[in-house]
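Good morning, and thank you for joining this group meeting.

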Amino acid sequence: MLGRTANGIFWMYRYLERAENTARLMEAGHRMTLTRGAEAANEEWRSVVSTLGLKSSYEEHYDDYSGAHVCDFVVRSKNNPLSVLAMFEKARTNARACRSSLTAEVWEAINEGWMTLTEMLRRPLREANLGTVLSVVRRESTLARGATHGSMMRNEIYCFARAGTFIERADNSARILDVKYYLLLPSLAHVGTALDSGQWDNVLRSLSGERAYRWLNAGRMDARSIADFLILDDRFPRSLAFCYAELRENLAILSRMHGSETAANALLREADLRLTGKTVEDIFDRGLHEFLLEFISSNQALAQSIAEEYRFNS
Amino acid sequence: MSEPANFDEMSGPDGTIRPAYKGYHDWLSEQDGSWMRRKSFEAESLFRRTGITFNVYGQEDAEERLIPFDIVPRIIGGGEWRRLSRGIEQRVHALNAFMHDLYHRQEIIRSGRLPERLFRSNTAWLSQMVGFTPPGGIYNHIVGIDLVRTGTDEFMVLEDNARTPSGVSYMLENRETMMAMFPELFSRVKVQPVSNYPRRLATSLAACAPACAGEHPTVAVLTPGIYNSAYFEHAFLADQMGAELVEGSDLRVVDGRVQMRTTRGFKPIDVLYRRVDDDFLDPLTFNPDSVLGVPGIMDVYRAGKITIANAPGTGVADDKAIYSFMPEIVEFYTGEKPLLPNVETHRCADPDSLKYVLDNLEELVVKEVHGSGGYGMLIGPTSSKKEIRAFRAKLEAKPENYIAQPTLALSTCPIFTRKGLAPRHVDLRPFVLMSPKGIDITPGGLTRVAMKKGSLVVNSSQGGGTKDSWVLDD
């Protein structure tokens, strides 16, 4: 397949994944704002915006963190090139550019999703409609993922689609965990308080992991077991370990198809060492924040290496 | 103006249904009107969902627009089609021979049948093609011949598209849509299939591969990219042929071959079905600012290491001044009288014709010789005095830039409107493939229809629509 197409597919799935994760984070944030007072609500919206890495661009346009402003900015504003709508649109533009590498099912799922969202988001978004819009985002990206799973050949194209998905998901999960842990706890004194456990609950919700976590850790809610779950539990589809198992598999298939390993395989093995055979104590001994920062940067290096080895751009 | 009496494809002047439409008409009369209206609406959402869109230059908010689709098919009888195809085949043979001659000995000019100035002033003429024969001797691999009809046996050629005829994806999707919406109709009326066109195209292109190609030549479709008005068609054809859809940035000349950058490195291409204009094909040879093409591709081409379809320089034949000589061209190269006539054409370069045209602007259709897509033309009978005055000035300033034709009583075919069937003007563009193995014409083609009452402009860029075109299997 063409290097340009591989790039297009890889990024199409990254955008789709990021749109969905942004929607999840907004849903969890929105829920938090409803359970606390108005003052705290603005704080919560601020935390959503900084978790998404949009703080500086947001503050260029608004000087408050009202629900209406945040919802509109994060979900649809033209001022935000990383809005949910913009990312869905980028995914769709990429799909269009790679149209002949996708099945009709996948293309139609993306195209219809984009049409539905564009129509829903024609006018500024009110907080009252946020829930509906976000559930549509999740449903549409679920449909695209299902179409991918059910109709695409397991060939190179599929491997790049999966690689894009899990590079992005690993990045997003790590960021959510890092921001919540490192930036958002006002001080160590809050550890173990109601606010603390509320925040953790929120992290789990942002990653749709609250049910699985409850089932595994009846009643307990502490930083260590949550970090253990989100980083090391390879049964949970948004954990770092799960994402890396998928990456390992797809890069292995790619190198088998190409008849040789690349620098990307080596980088992946290195990154794997940080996850496999480790316990959550090892991670906390080093420091969770340091661990996550290192993970995010090595994840980026891996994406870069895939792009180079498979001639995405030159 | 008084409406000229038109030939209607479905019914005669006394209301009798023509034989080709009998089966369809019987079926239609059994259908409920409101159900048909729903179907008509359904067709549009079907097209939008599958993404069959069309970009119109200069319309920002309508970046991706649908070409209106009408659910009443244009139907041609089997016998009628056989006669038409013989005429089309003859014309395409002549066009190819003409191209070869123009770029070699120019016998037709030596014999005095074609004035030399015609192609000297033709911007599509490429001196780089002189003395070079493309692989297999084929210049126009894919041709679209635009036909219009004025009576039972009166089909005429309105235009030849030997550069890059577009619209074939609509021919295919229109049929798919019709079959999805009216399956029972197709079990009642036997229609010759068109769905194998992509396979025929792939076979035909592979048969034109250069000598260096292996047993299974690598075919790729070159597109200017997703913002091109026909991008959907490029992707569609590549997909249907199982060929790569490439852009200029994917291609590079490596080891004397044109190669595409794949995830495994560079891979040679044998046949390039390019949907990029000559000007943009090779920045080293033509437009140096082009980013759509491949630097050095013309050298590879001239070394016989790649087939470019259609060959650079074939656009000469799309010129409307050349068109006016097609009867002579067909006769010169085939030794036969043309089976398909031209529309009577006045060349404004010729002073007597110019005088006639200027005296009769209100009655005529005047076109630019290099124009296409319905841009830059005057339709006398439907233009205001002011428009005619403005056009007269342009014509007088540069008469050799124009030809004129009578305003034809184009045939009509009913379209489905909210108020029931209503006649609208149509044309027909059959698609023709040519390789050393012969000429292959897909039965039917693309019927374009003017959606506005009385309008004679069928171009999609000007609001025209399309219909499924049937050739009966009888």
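I start with terms: helices (H or I, at least four residues) and strands (E, at least two) are DSSP runs, numbered from the N terminus, and two strands pair if DSSP finds at least two bridges between them. This is a predicted model, in which local features need pLDDT of at least 70, side-chain atom pairs count only at pLDDT 80 or more, and totals for chains, interfaces and linings use all residues. Residues are numbered from 1 along each chain as its sequence is written, while chains are lettered from A and ligands numbered from 1 in the order in which they are written.

First, confidence. The predictor assigns the complex an ipTM of 0.82 and a pTM of 0.87.

I turn to a sheet in chain B. Three strands form an open sheet in the order E6-E7-E8, with antiparallel pairing. Strands E6 (251-254) and E8 (265-268) of chain B stand at the edges, each with a single partner strand, so one side of each is left without a neighbour in the sheet. Strand E7 of chain B (residues 257-262) is joined to E6(B) by four bridges; Leu251(B) has Met260(B) in E7(B) as its bridge partner. E7(B) also pairs with E8(B) in the antiparallel sense, over four bridges, and here Arg261(B) stands opposite Phe266(B). Two residues lie between E7(B) and E8(B), which form a hairpin.

Which elements of chain B give two or more residues to the side that touches chain A? The contact (C-beta atoms, placed from the backbone, within 7 Å) takes 18 residues from chain B and 18 residues from chain A. On the side of chain B, the elements are helix H2 (33-50), helix H9 (231-241), strand E5 (244-246) and E7.

Finally, chain A. Its domain assignment, with bounds from an automatic or database assignment, gives domain 1 (1-152) and domain 2 (153-314). The C-alpha centres of these two domains of chain A lie 20 Å apart. Between them, 23 residues of domain 1 of chain A are in contact with 29 residues of domain 2 of chain A. Helix H1 (3-35) and helix H2 (38-51) of chain A each supply at least two residues of the side of domain 1 that touches domain 2. The largest share of that side, 16 residues, comes from H1(A).

Notes:
Contact = placed C-beta atoms within 7 Å.
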